[in-house]
Amino acid sequence: MNRKLISLISGASALMMGISAFSFGNFVNDNNPGIYSAVTVSAAETMRNISSAELVKDMGLGWNLGNTFDSLCPWIAEGTGTPEQFETGWGNPVTTKELIKKVKASGFKTVRIPVTWINAMNRTTNEVDAKFMARVKEVVDWCVEEDLYVIINVHHDGGGGETAWIRNAATDYASVEGRFSKLWTQIAGTFRDYSDKLVFESMNEVEFSTVSKNDAYALINKLNQKFVDTVRATGGNNGTRHLLISGYNTDIAQTSDSRFQMPKDSAEHLMLSLHYYSPPQFAVAEANCTWCTPQTKWGSASDQADLDAAMMKIYTNFISKGVPVIIGEYGVLTEAENNKDKASIRQYLSSVSEKALSYGMCPVLWDAGSSGDMKFLDRKSVKWNDSEIEKNYQALAAKLSSGSVEEQKPEIPVYDEKVVSIPADGWINITDKSKLKGVRFGITCSSSWDGQGGGGVNYADDWDNCGEFGFNSVYDTVEVIFTAEQKAKLADKIGLFFWWTMEESAHKDELSFRDGKVTLLYEGTGSAPTQKPAETPTQTPTETPAQTPTAAPTEMPTQTPSAEPTETPAVNGDVDGNGTVNSLDVIELMQALINKVTLTDDQKKNADMNGDGKISVIDLILLKNTVLK
């Protein structure tokens, strides 16, 4: 079992709930990894004036060169290993140009090259071995020659194991930050003149489980900001290079936590990295695992609905707010002893990748090659173990190229909201239940506990048929939207209760609804991008490392201001000047407040909801209330 799968299984307790502008010199001894070929890179006109969202969309299908440069080799004494020893340490052969050509021929436009740098670092000076850096560069250059996008990262340096070090930031932040900054200065310096088809990714699957969640999020935020600042400081094309920010443990739910923050970036060229191995019962559960009942087949209507829900969660929390997303890893076990149905494996890979593409994301298949537990493209024969999977990817690439992949532009509902206090008996009376869509609430914990849990919603005084909700953290805001079946049995009152918590079940008795209130969600007047509820957690972090304030959304869709009319009287709320006050005016004002658009004088008059001669967040709140009536 490789280290990746160990990491995934340790986290599975949550189950409870193109144009290239490069010129090339001659390559010599292509098949000899000991000879490092020279590549001349022209920096001229290599950085296109495109947004990160446009870049991600152009990256298409991605493939991971897994279990290769990322292999941990603690048995090799420091300072004695060769690049080839590290590259082949987990059982894969030396990477060849032939392999990269095959990846492209199989329909992929992006290659992610995970690298564990501690293998070849002097742990006193933090200098990377020149030969190891040259070998990584050689493979990057082969990808460049094939006009592929490339992602390089800092991989198992942030994972578990004796040679990992980033997680030591929980106890010795200064030392880790120094090494982290020194490492990225070397990587960024080596590749500073490469085009925007080269992407840097800050780290991989990093979490801090030995400190409070508040401190853990503060640490990941601080390191991500250091990554951005360090790369930008190296100059050249790195001044505007598109950078991939690692989410908290690259987990969708944990990264959706309001405590995770994207860094500030003057170039506004940031993307978010998330991983998708869901459901874990199918994707990573071995036949003999003890933490769940393994799932051998995938593809039911329920499975597809869960995939839709996960992608919608990413869209709602990030993409709709201007944060492009790359699914840096997804995959499923392929070893025969794990009994995964072959047809299900094919369907899972096709469904996940196409669904991600439809939302404008780049999905990157995790491939362990000739070693590990997720084997797809055999590195020795340079052939796919299952030719049908290759054909599926080629077909999907052709579909994407022809514009036939259906683009998802989901409407995010806007609700009329009514805040109500929870009576002493716990039952909330409902008025106009025909228009009630759901309920939203925050959580308060009387202790310092912060973990996963869930509860129920009683729709009809029937304790045997309650709806369920879950939360990843007591800092979450929970939103429950009723299904048609639940709506049909809705009585004149509903009951809400906490049912379980991930660790000691007694923690459920420490939970209550924030401020003793919930928000009833009624059928609204339209749709607009969802904003996270401005609910302030009652828990206060103690001795939290300094964190950088959230950056303004980096890729908000820009509304073009209407032509400036002459002598037009102010129309309160009509910010975009089209004669109608609706959700688009809310978006326009929000973008103006974060300096994404500039309003004309007439637009400013229309946006001045309280008539104080200026526009502010107060006007945004008043406008939202006006739109929601």
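Tyr-315 is buried, with a relative accessible area of 15%; buried means under 20%, exposed over 50% and partly exposed in between, with a 1.4 Å probe and protein chains only. Tyr-359 counts as buried too, at 11% relative accessibility. This is a predicted model, where local features need pLDDT of at least 70, side-chain atom pairs count only at pLDDT 80 or more, and totals for chains, interfaces and linings use all residues. Residues are numbered from 1 along each chain as its sequence is written, and side-chain values use heavy atoms, with hydrogens and water left out.

The structure holds 21 aromatic pairs (Phe, Tyr or Trp rings, the six-membered one for Trp, with centres within 6.5 Å; planes under 30 degrees apart are stacked, over 60 edge-to-face, the rest tilted). The centres of Tyr-315 and Tyr-359 are 5.7 Å apart and their planes at 50 degrees, so this pair is tilted. Tyr-315 lies in helix α10 (residues 301-317), while Tyr-359 sits in the loop between α11 (342-358) and β8 (362-365), 44 residues apart; helices are DSSP runs of H or I with at least four residues, strands runs of E with at least two, numbered from the N terminus.

## A phenylalanine cluster

Phe-441 and Phe-469 pair edge-to-face, 5.2 Å centre to centre with 75 degrees between the planes. Phe-441 belongs to strand β13 (residues 436-445) and Phe-469 to strand β15, 28 residues apart. Phe-441 is buried at 1% relative accessible area, and Phe-469 is buried at 7%. Together with Phe-471, Phe-498 and Phe-513, Phe-441 and Phe-469 form one aromatic cluster.
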